[in-house]
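Visitor: Could you show me how to read the features of a protein model, beginning with the overall fold?

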Amino acid sequence: VIVWPGEAENDGDRALEEIHLAADEMATGHSITKSAQQAILALLQRPWFKRIWLFWVPQEVAAARNILIECGSTEIDGYPFCVGLNSKSFNFLSETPIYLQSLIRSVNYLIRGY
């Protein structure tokens, strides 16, 4: 299944790159700039992710064996996407509104199964 949250606008492609870097560097830690944090938050607030939170599109994702997330021309596999979001580098997400934290948990559950 290909998840396409939209074009690369508002640095959506950069957000995916930062998430991928955080997943790759999980053991060593990855420093994320404020502008990258804003890009990640903007990506997670796009309509596709909100539909997951509201359970409008979970069937296609939950039933998939492989999930590829694409934004513009940048892509990341679903598993590293979740690993990156859960890395220490993304501690700033714990300071976001509860609905966004809940959305991230939902995305993790649908993609990883836990």
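Guide: What follows goes from the fold to the strands and then to the aromatic rings. This is a predicted model, in which local features need pLDDT of at least 70 and side-chain atom pairs count only at pLDDT 80 or more, while totals for chains, interfaces and linings use all residues. Residues are numbered from 1 along each chain as its sequence is written, and side-chain values use heavy atoms, with hydrogens and water left out.

Visitor: What is the pattern of secondary structure along the sequence?

Guide: Helices (H or I, at least four residues) and strands (E, at least two) are DSSP runs, numbered from the N terminus. Here there are six helices and three strands, arranged along the sequence as β-α-α-α-α-β-β-α-α.

Visitor: Which strands pair, and in which sense?

Guide: Two strands pair if DSSP finds at least two bridges between them. Strand β1 (residues 2-6) pairs with β2 (residues 68-71) in the parallel sense over three bridges, whereas β2 and β3 (residues 74-77) run antiparallel and are joined by four bridges. Leu 68 in β2 is the bridge partner of Ile 2 and also has Asp 77 in β3 as a bridge partner. In the hairpin of β2 and β3, with two residues between the strands, Gly 72 takes a positive phi near 65 degrees.

Visitor: How many aromatic pairs are found?

Guide: Rings of Phe, Tyr and Trp (its six-membered ring) pair if their centres lie within 6.5 Å; planes under 30 degrees apart count as stacked, over 60 as edge-to-face and the rest as tilted. The whole structure holds one aromatic pair. The ring centres of Phe 90 and Phe 92 are 5.5 Å apart with planes at 35 degrees, so this pair is tilted.
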